[in-house]
Amino acid sequence: MNTVMMENRKNRIHPHKFTLWVGIGSILMMFAGLTSAFIVKRNQANWLSFDIPVAFWYSTVVIIASSFTLLSALKAFKERQMKKYKGLLLVTLILGVLFVTIQTLGFLKLWQQGITLQANVAYSFLYVIVGIHAVHVVGGIVALVIMLAKSFSTKIRTYNLVPVELLNTYWHFVDILWLYLLLFLIMIK
Amino acid sequence: MSSAVSLQQASHTGHDVDHGHEHHQSFISKYIFSQDHKTIAKQFLITGIIWAIIGGLFSVLFRLQLGFPDTTFPFLEDLLGHWAKGGKISPEFYYALVTMHGTILVFFVLTAGLSGTFANFLIPLQIGARDMASPLLNMLSYWFFFLASVIMMSSLFTQTGPASGGWTIYPPLSALGDASMGSKIGMDLWLMAMAMFIISSLLGGLNYITTILNMRTKGMSMTRLPLTIWALFFTAVLGVLSFPVLFSGVILLLFDRHLGTSFFLSDIVVAGKILPNEGGSAILFQHLFWFLGHPEVYIIILPTMGIASEVMSINARKPIFGYMAMVASLFAICILAFLVWAHHMFVTGMNPFVGSVFVLLTLLIAVPSAIKVFNWLTTLWRGNIRFTPGMLFSIGFVSMFISGGLTGIFLGNSALDIHLHDTYFNIAHFHIVMGVAGMFGMFAGIYHWFPKMFGRYLNNTLAYIHFWVTMVGAYFIFWPMYYEGLAGMPRRYYDYANWESFKMFGGLNEFISVVAIIVFATQLLFVVNFFYSIWKGRKVTTLNPWNANTLEWTTPIKPGHGNWVGEIPEVHRWPYDYSKDGQDFIPQDVPVGENETRH
């Protein structure tokens, strides 16, 4: 599909990578909108503060670990160690699913403590911001599943690095975004 | 092995394809799920035209109510059923009409219809690329827009009617299902349609930016880009950075509507019943909305600025005056666009100091705008002007931009805005500077690039009638509104005649409505011309009918997928070498001669 326009290219950044970077900028703007709304609202009356559930700390460890496994997968791909690549991709996928599961458990815990979606605007923001981040992680998980399926396919014999790099960039982005959101939620109290 | 290797492999396979050759494609892959940027551009244009007819028709309907508040029109009941019982539009439907008129024209016509058409069509052709960076995303961009169109269209046929809280969908009208007729399913469909629309616009924008920065042909440095491309580039940047913020607003609104949150709601009593919502703020939504909403008006006007610059330079047979100043002023407008949103909210009770900061930033926009106007006029000055329809619409664009822009300086002053806010003065201002100017720019582009799009010309006689009636009509419609607004006549009133002080505008409103109907009918003339000329228009017989310099005129008369047969031309000069060294024009792919003077 994308072979048509590859003429006249020198050592410029691959167009798909560039598109991803611009897209990341776009996603950041959405979170900037949400977090700045959070900051503005915080100063109003009947705003209740909350403690971050312990689960969010565990999930942080998990997502950081997943970034490292995916980075190693990229390295393995470059060295053509396909078995190692597949294994690391699978580990990353499991860690990604684990992250979303722990986030959900964290929310369940909050809900039991009375910190529900409707109870206070502060809580609503927490659910929406962390929830939208989780949706972005799910997007990454879908991409991981596709890459994993491709790596097991016997039909594809070419080594195209670009999709692996794209996946890496996106995955590290959602990782760093989570670290930012966690810091934001702690600092804002 | 690095990514460069796989790129080479990809480029190798790319060469194996003969681009100039028409492949055997089914009807579906050629005209429906096409990945060719030119076909996608036409899809955007034709969808946009259909929306423009609907949006325009809505304005005719509510102008009937405004111009003839005491008259009944039996045909309206036949047309609209229970929305116009006894031949008189109901208040609920009147609000739905103004809401949908705004939504359709701002988003579906002047954003998707305009950027979607010209960014898709011109970017690869003018920068020398075979297609967009990602043709697949590009196709998806159109189909998300189509989906948004279907959802928005379906909201017109619901029992409670489409959204009716104004195109700005302020809560609580948009957040509470019980607030009004249009707050029910119509509002949900509006929000879903806009979510699809935002995805479409983001996919498009990502592609435009990447293509312009990455896919330019050899020799096409950024300073050799035609101004259309610069304008479309800044437009895409604005869209990519501002639409996500509206997206977050839409998500929060959906939570408020369906999941019981109170982001935008607090202390509300509906029909004597106190709602449980607490702690939210309707003003917060206005901030989120206008953080998109203001850049949005530049998303509309920047592409038309680019189109007007290009068409005026070609038809004045003169280089554009102050190319770098034109680019710099586009950039300045792009930056300022993000810093002025609160000037839509002067009367929300904001701190006057904050207001004065926004006044200052707002008035600063006059500087780059004035630079652009000055450069357009100096481009025309002593030019060898050809009054083609495209040129007339470009000049009309400048006229509208000046007269509409000047009244922006009134509205941008917070003290004056307290009086003028929500009056017909405001309606006149943004219709002239954004609506009419935007449409004029779009018409200029259509008349100018129609020969490239379809290999045929539009009918000139019809085009001249279209221009003059629209030009004179637009001023007849909107100029009187300034006076009504200064006298305090508020916008969005279903029946202004209920107020003694506004009754004196009866005759004026009747006049405006009659002209509006004539102007709408003239647009139908354009639509007829457009569709007739696609199949029956005079055929284009030369490669370069306007004697223009840009690369799209070096392609075959009807370029196939891949645009150029053989190699893509190399670029040696900027696109504005008109009337230079005794030559009428020198296309961009002509090498610079030995004794040639630099521009």
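Biologist: At what relative accessibility does B:Asp422 sit, and what does it count as?

Modeller: B:Asp422 counts as partly exposed, because its relative accessibility is 34%; buried would be under 20% and exposed over 50%, with partly exposed in between (1.4 Å probe, protein chains only). Bear in mind that this is a predicted model, where local features need pLDDT of at least 70 and side-chain atom pairs count only at pLDDT 80 or more, while totals for chains, interfaces and linings use all residues. Residues are numbered from 1 along each chain as its sequence is written, chains are lettered from A and ligands numbered from 1 in the order in which they are written, and side-chain values use heavy atoms, with hydrogens and water left out.

Now the partner. B:Asp422 meets B:Arg491 in a salt bridge, N to O 3.6 Å; the term asks for a side-chain nitrogen of Lys or Arg within 4 Å of a carboxyl oxygen of Asp or Glu. The pair links distant parts of the chain, 69 residues apart: B:Asp422 is in the loop between helix H14 (414–420) and helix H15 (424–454) of chain B, and B:Arg491 is in the loop between helix H16 (460–486) and helix H17 (506–536) of chain B. Helices (H or I, at least four residues) and strands (E, at least two) are DSSP runs, numbered from the N terminus. B:Arg491, at 13% relative accessibility, counts as buried.

For context, the whole structure has eleven salt bridges over all chains. Another one joins B:Glu596 and B:Arg573, at 2.6 Å from N to O. B:Glu596 lies in the segment after strand E4 (583–585) of chain B and B:Arg573 in the loop between H17 and strand E3 (578–580) of chain B, so this bridge ties together parts 23 residues apart in sequence. Here both B:Glu596 and B:Arg573 are buried. Shared partners also link B:Arg573, B:Asp577, B:Lys580 and B:Glu596 into one network of salt bridges.

Chain A has a bridge to set beside these: A:Glu79 pairs with A:Lys75, the closest N and O atoms being 3.7 Å apart. A:Glu79 counts as partly exposed, because its relative accessibility is 42%.
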